[in-house]
Amino acid sequence: MTSDSSAVLDELAHRQQQLVTRAQVLAAGHTDMMIYRRIQTGRWQRALAGVYCVHGGTLTDEQRRVAAALYAGPDAQITGPCALSWYGFRALPPAPEVHLLVPHATRCRSNGFAVVKRALTLDRRARHTDHYRVVSPARAVVDTCRELRELRTVRAVMAEAVQRFRVPPKRLDDEIRRAARSRTAVARRVLAEIAGGARSAPEAQARALLAGVPQLGTVLWNPRLALADGTPLPTPDGYLPGAALAIEVDSREFHLSPEDWARSLERHNVLGRHGVQVLHFTPSFVEGQPNEVRRIVAEAATLRRGFRTSVRVVRG
């Protein structure tokens, strides 16, 4: 082993988050025996087949992404929960693996934490970093939701994409159409809820459990409200115009900051000052006690049936 070959390897490891491939090690003038000895002595560790980390500690999330990209090749694109984590999504299922899209003709297979999926078309909107490519938020959301079975989790992921990351529903729809009927039923259902005006996963749950309750009559979701003189009012999650009753699903979890939370409470107080009763429910209450939510809303609607207020629903 020469000092020059060691320098080349050190430079590669420095640029690649302390990771190198077998091909790079051999090209630098080293041998498989050197790799074997360093792994045996604990100086290196095998991250994936043919990919090594030049220290023995736990890999960081970034190192796992780089290792997966080195393993799958330069055309690979990171997708799924790992991509959502890279973008900063919070409503994420556990994601120990790194999912990668590769061209359909690629012979690379899944290995360790690298889950390889062949795709006829890669994402044209993928983001490029120094070490890997990450699919667009819309592609990552749909690829993630295709692997999920829990409606609540899919709602949370897609609602965060639209509300926090401003992903257009049309782009989500395009990705669902691209995937055709391959495990997209739940994502299609949630996208229909979003298209209907649902702004969060808990709100979508509330819509579903209040649908068809006979005592409620018409429930308007995210309606535009105003006073008789045209002064606009805050928009509640749900509103029963025949009872001047608003429904709000509240949680700090679904607001981006304490300031957003405070503004949300002030919106509710404004409605109350103009004669609208606001019923507040937490996401955990909506999910855990759906029958109680129905009972509370139905009783309030019955008691306030015909209640007169200056609040009007703005049509159109």
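Me: How much space lies in the largest cavity?
Reply: This is a predicted model, with local features needing pLDDT of at least 70 and side-chain atom pairs 80 or more, while totals for chains, interfaces and linings use all residues. Numbering runs from 1 along each chain as its sequence is written, and side-chain values use heavy atoms, without hydrogens or water. A cavity here is a set of points on a 1 Å grid over the protein atoms alone where a 1.4 Å probe fits but cannot get out, and the search turns up one of 30 Å³ or more. Its volume, the space filled by probe spheres set on the points, is about 40 Å³.

Me: Which helix gives the most to the lining of the largest cavity?
Reply: Lining residues have an atom within 4 Å of a point, and R155, A159 and V190 are among them. Helices are DSSP runs (H or I, at least four residues), and α7 (151–163), α9 (185–195) and α10 (201–210) each supply at least two lining residues. With three residues, the top contributor is α9.

Me: Why is the pair F89 and F165 stacked?
Reply: Rings pair if their centres lie within 6.5 Å, and planes under 30 degrees apart count as stacked. F89 and F165 sit 76 residues apart in the chain, yet their ring centres are 4.2 Å apart. The pair is stacked because the planes meet at 5°.

Me: Is F281 buried or exposed?
Reply: F281 also stacks, with F285, at 6.1 Å centre to centre and 15°. Buried means under 20% relative accessible area, exposed over 50%, partly exposed in between (1.4 Å probe, protein chains only). F285, at 22%, is partly exposed. F281, at 5%, is buried.

Definitions and conventions: 1 Å grid on protein atoms, 1.4 Å probe; cavity = no way out; pocket = protein on both sides within 12 Å on 5 of 7 lines; lining within 4 Å. Phe/Tyr/Trp six-rings, centres within 6.5 Å; stacked < 30°, edge-to-face > 60°.
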